[in-house]
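Keep the viewer open as you read.

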Amino acid sequence: CDILNIFMKNKQHYKTDAPPSTSEAGEENDALSRLKTRLPPSTAISVITPVYNAERYVRRAVESALAQPEVVEVILAEDGSRDGSLAVCQALAEENPQVRLVRHPDGGNHGAGAARNLALEHATQPLIAFLDADDFYLPNRFSVTLQQLRDPAIDEELQAFVARRKK
């Protein structure tokens with residue numbers, strides 16, 4: 001089974017390298033318990049997509065996210081691509097008010113983790129999902145998982161997809 005990664009906006013950022021330490025695992029379990037008891041009745045999701053050299057794929061990723069009824073916004077974190085990704089991201093943001101584009105102040109490439117962290121700072125919804133720019137969601141991506149998040153009996157069955165942000 002996958003592990004649910006909990007991200008608290010002001011306390012913890014997305015980690016891409018090392019597995020969680022024992023203390024981090026304990027914090028994740030505590031955070032998971034808090035998540036289950038505080039899930040908002042309206043489960044609005046911010047989808048975060050780091051974009052680097054994904055000109056051919058990012059449109060499909062965004063469209064698949066916007067097709068999910070729970071998704072309120074898609075935040076594209078353009079990470080200094082060398083292809084036409086930036087132009088595609090700009091077009092997507094202009095075409096749809098649910099899509100926002102963010103970039104590092106220097107416009108450079110800082111890696112997927114830094115791009116995710118940047119986008120996390122701009123997310124407005126209580127739940128966060130990550131979608132790679134070269135991937136896409138199938139229909140009803142979140143419906144079963146959100147039901148599972150409310151079920152205290154299935155802690156071991158959760159998928160790594162969503163996080164509760166601390167307000």
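What follows goes from model confidence to overall layout, and then to the packing inside.

First, some ground rules: this is a predicted model, where local features need pLDDT of at least 70, side-chain atom pairs count only at pLDDT 80 or more, and totals for chains, interfaces and linings use all residues. Residues are numbered from 1 along each chain as its sequence is written, and side-chain values use heavy atoms, with hydrogens and water left out.

On pLDDT (the predictor's confidence in each residue, from 0 to 100), the chain averages 78, and 65% of the residues score at least 70. Residues 1-21 stay under 50, yet the model gives them 53 contacts beyond four places in sequence, a contact meaning heavy atoms within 4.5 Å. Residues 156-167 are also below 50, with 53 contacts beyond near neighbours in sequence. Where pLDDT is low, the predicted coordinates should not be read in detail.

Now the layout. The chain has five helices and five strands, which are DSSP runs numbered from the N terminus (helices: H or I, at least four residues; strands: E, at least two). Along the sequence they follow the pattern α-β-α-β-α-β-α-β-α-β. Of the contacts with a separation of 6 or more, 79% are between residues 24 or more positions apart.

How much of the chain is buried? Buried residues make up 46% of the 167 residues, where buried means under 20% relative accessible area, exposed over 50%, and partly exposed in between (1.4 Å probe, protein chains only).

Next, the inside. A nonpolar core here is a set of buried Ala, Val, Leu, Ile, Met, Phe, Trp, Tyr and Cys residues joined through side-chain atoms within 4.5 Å. The largest one has 23 residues, and Val47, Val58, Val74 and Leu76 touch the most other members. At least two residues each come from β1 (45-51), α2 (58-66), β2 (71-78), α3 (85-95), β4 (127-130) and α5 (143-150). The largest share, four residues, is supplied by α2. Take Leu76: leaving aside neighbours within four places in sequence, its contacts include Val58, Val62, Cys89 and Leu92.

There's also a second, separate core of 11 residues, with Ile48, Ala115, Ala119 and Phe130 among them. Ile48 and Phe130 are bridge partners too, the latter in β4. Four bridges join β1 to β4, and the two strands run parallel; strands pair if DSSP finds at least two bridges between them. β4 is covered on both faces, with buried Leu127 and Ala129 on one side and buried Ile128 and Phe130 on the other.
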